[in-house]
Amino acid sequence: MRTGIFFCQAENNRNLNIDSIAKYSANLPEVETVQILKSPPPPEANFIAGQITSNSLDRIVIAGDTPGHFKPVFTKAMALAGGNTDEVLLASFQEHGARGENALDRAKAVVACATMGVPFPLVAFTGGNPVNHSTLIIGGGIAGIQCALEIANAGKQVFLVEQTGTIGGHMAMFDKTFPTLDCAACILTPKMVSVGQHEMIRLLTRSKLVSVTGKPGSYRVKIRQNPRYVDIKSCVACNQCVEVCPVKVESEFDAGISLRKAIYIPFPQAVPNAYLVDDKSCTYILSAGKKCGVCVKRCPKECIDLHETAHDIDLEVGNIVLATGYELLDVSKIEQYGYGVYPDVLTSIEFERLTNASGTTGGKIVTKSKRINKKTNKEEWFFSPEGVPPRSVALIHCVGSRNKNYNAYCSRVCCMYSLKFAHLIKEKIPNVTVYEFYIDMRAFGKGYEEFAERIKQEGTFIVRGHSASVTMNNGQLLVKGEDIFNDRLVEFEVDMVILAVGLIPSPGTEELSRILGVQRDNDGWFSELDYNGSPTDTEKGGIYVAGMCQAPKDIPDTVAQASAVAAGVLSSLTSGKGIGHLSSIPLSEIEARARKIHAI
Amino acid sequence: MAIRVNPGFIDVLDRYGAEDVQLCYQCGDCSTVCPHADDVYKFPRKSMRLLQMGLEQKIETTLEPWLCYYCGQCSEQCPREADPGETMMSLRRWLISRYDFTGIASRFFRSRTTEVTAIIAVAILTGAFLIYYGFSRGNFSIYDGEGAFLSSSFIHKFDLTIGSVLLIFLVINALNMWYLTMVKGSPFPIPWWIYLKQIYQVPWHFFTQKRYYECEKKQEHPFYMPWFIHLGLMLGYVTMLILVMVFVEKLQAGPEIVWSVHIFGYLATIGLTAGTIYFIRSRLRKNYIQYKKSHGTDWVFIILLFLIVITGTGQHIFHRTGLNEWANVTYIAHLMCVVPWLLRMPFSKWAHLIYRPLAMYFAAIRKEAILRKDVQLRSNPVLVK
């Protein structure tokens, strides 16, 4: 096969020495021509067709960070020159993890594989180090739970590290899942209970990863477990401590729409099902033991110890799974929507808690009520079960997503949950008017399009056009937008606005990436090794990503990815080949393997 | 009538300054925040859409670009950084060249070199003619009165000649605009009496620029006052134009100051000086979004005006202080700026002085005609169930 290699590096901002790669690739078998094309401007099909004819090439390799971008031009050129368009191959540095120290060698290896027509993942397998059979999972959301159960069910030891007092993560906060409208808790809580009871899973709540040493297959990790102040084993969740606790703060589990005490249980189905003390608000802890302490006296089981301190746990694990999830963008900085200014402008997660039957209003969708705070003598707004249901609700998609001023990417779940909200509102409040402002309806999954269609049939006003402003006129919220399909500017009076807020990586992502040396992409999510070929691996051997911490995705995808990670972990435990850093395989090794396959 | 699509139109507009139209994904944020968009004139999103689709024949009949005063809120809000404000500005430039039957405007907008060369050529021709005329008829050391280098009666005739040339171009272009927007662009014939009813719009918008003021209210910055400065600049400009065209003989008489005429001249100079300095400064500092991108013609516009103000003020001061030679030199320099400026008017941004109030007038007529025709504007969203 007479092969031509074309380097198309759109933005060479990674200090990747293209000339050196080009020189290397010129010595590969059957290479006729190696050309470095300056881009922009993009290459022209006629020019490349000319090159193909003059060098009588049978195969073209496009090399660069994003060669797929140029593939249409080269395919066209190949067709023009009368060649086989299947022989336009890509050598993608970015996708195959040409990053960090070994970027150059890896890029060379990628080009070598493409030139010889050998799939890169086929030869870039790693091995070597023997693998410790216990696994560390960071993050106790649905991804971490699913992954832990899969691995533990195979009989392997799992350490599940969770930063808060309970596992469950965001999914525990949800009311229903789209598009099936299943109860989220009904799917999640049995899994949570299994995790809590599983003999192969050691659950470490209120814990954080502090440091990692060692090599793939045998990582020595240090976990800091913050004090819970309540003994999990003896606590029977009798609730007497909560009754006497005088401190009230916003509940994290209820997304801040209700209050909890300083000693609390996040939600009744929490695992481990025991109370914990919030050391940031407990009077006794803040005053260093001088004030309060009533819960200790009240507890009939004497399981509260407010003098407990943090302690470190050293573990030796073979694989580490990252499942740290996401959080919502701070929507108060997108000022035009008036979040934090107008009481009835809610974020999606706040509404999720409002409509949840275990929420503060018992699942009744109401607008906020006003009360006077006796301490500060100021008006404050809160959700009361006796509140007035809204007569009309506006749902605004893409708040901070697909927006170059905030997140350029699509958050992937907002269209669907907004449609779900529309359904829940219509279901719970008779004669309510629901407006959905959207830019593009991204209903891409199994049954999603049908779900969107069903919501339209239910009589929701679907407005094709984004609303850019929420204002208040005489106590009435006004949502302005352009109804593009009906060709008019609209201004709806509504009682409640729900913002489909964009998702960003959870706050600890950056610290974790520093501790573990796992790369993050431009948006802050963990980088997978190869988006198509190995979406669960990272370039660090034995470290995997599952769920939202890699990129926004919905629950089915998260669960699927978590199970895939479990498969990867288990295969490393049982194959006997051991694991190593993928970037640690020498170039010569990869090239030799590729040549071997090529010869066949 | 079928509308022909021009797929290359977006590239044409690129030359006029609309570089990022292709980025727009039609969310409608810009139309929502625009203080001027209403039920009949929905923009900038719709204009962006027409541009993306290459509907050149439709855009040339729209009035929307003229209704935008470029407060920049749409561009600030735009999630795609597609810069709708600048697109509207570019459409205005394109419309000016579209209304112009000679094709000169389009050349000027697309090539700065052509424009600057043309201006310099006209300036040199003017200067040569004036110097030749001055030395053959007058005395270089006399500024006005008997034997003046450039006598005021000659300048008056000269001004009126240039003015009539200008007027011919402008009237033809304005008629072209009327034909495109009101005849070709209207789906039905517009009754003549609406033209009469709405005629007040022309002086009202011309002298108050009320809509520009509506744009400004949205800004919270204490020193943000383009409306005020622009109004001062425009009134100063119009006053000066009237003085030059009608009262130039009194204006040039001296050395004592004729307050009945000169007071207007001084006021106009204040407006012009403040205006040009403010806009040059803003364009240099790029402190507001509407000044971030400056098309070549914007700079030519504002710099030429600034030179006119400086030379005009200079000759006045030199004359009053008895430096007649210097006064004559600056006078020639002044006229070398003024003549290309005036001749350039129908082919440049300058023409918005006429087109804007006309567009407000036409827009009001069209709106009333459409509302009277009972076109269904307030159709409710389609409720399936």
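Domain bounds here come from an automatic or database domain assignment. The model shown in these views is predicted.

**View 1. Two domains of chain B.** Chain B is assigned domain 1 (9–99) and domain 2 (104–368). Taken over C-alpha atoms, the centres of the two domains are 27 Å apart. Their contact draws 27 residues from domain 1 of chain B and 31 residues from domain 2 of chain B.

**View 2. The side of domain 1 of chain B that touches domain 2 of chain B.** Helix H1 (9–16), helix H5 (64–67), helix H6 (73–77) and helix H7 (84–99) of chain B each give two or more residues to this side. H7(B) gives the most, with seven residues. Sorted by class, this side of domain 1 of chain B holds twelve nonpolar, nine polar and six charged residues.

**View 3. An open sheet in chain A.** Five strands make up this open sheet, in the order S9-S6-S5-S17-S30 (chain A). Their pairing is parallel. Strands of a sheet pair through backbone hydrogen bonds. Strand S9 (201–204) and S30 of chain A are the edge strands, and each pairs on one side only. From one strand to the next, the twist averages 20°.

**View 4. The pairing of S6(A) with S9(A).** Strand S6 (residues 158–161) of chain A runs parallel to S9(A). Four bridges join the two strands. Within this pairing, Leu160(A) stands opposite Leu203(A) of S9(A).

**View 5. A helix across the sheet.** Helix H6 (residues 142–153) of chain A lies across S5, S6, S9 and S17 of chain A. The angle between H6(A) and S6(A) is about 170°.

**View 6. The two sides of helix H14 of chain A.** Helix H14 covers residues 509–516 of chain A. Its buried residues are Thr509(A), Leu512(A), Ser513(A) and Leu516(A). These residues lie on the same side of H14(A) because they cover an arc of only 100° around the axis. An α-helix has 3.6 residues a turn, so residues three or four places apart point the same way. Glu510(A) and Arg514(A) are exposed, on the other side of H14(A).

View 7. Just after H14(A) comes Gly517(A), with a positive phi of about 75°.

Terms used: Residues numbered from 1 in each chain as written. Chains lettered and ligands numbered in written order. Predicted model: local features only at pLDDT ≥ 70, side-chain atom pairs only at ≥ 80, totals over all residues. Contact = placed C-beta atoms within 7 Å. Nonpolar A, V, L, I, M, F, W, Y, C, P; charged D, E, K, R; others polar. Buried ≥ 20, exposed ≤ 12 C-beta atoms within 10 Å, placed from the backbone. Arc of directions from axis to C-beta. Pairing = 2+ DSSP bridges. Axes fitted to C-alpha atoms, helices over the stretch in contact; angles between N-to-C directions.
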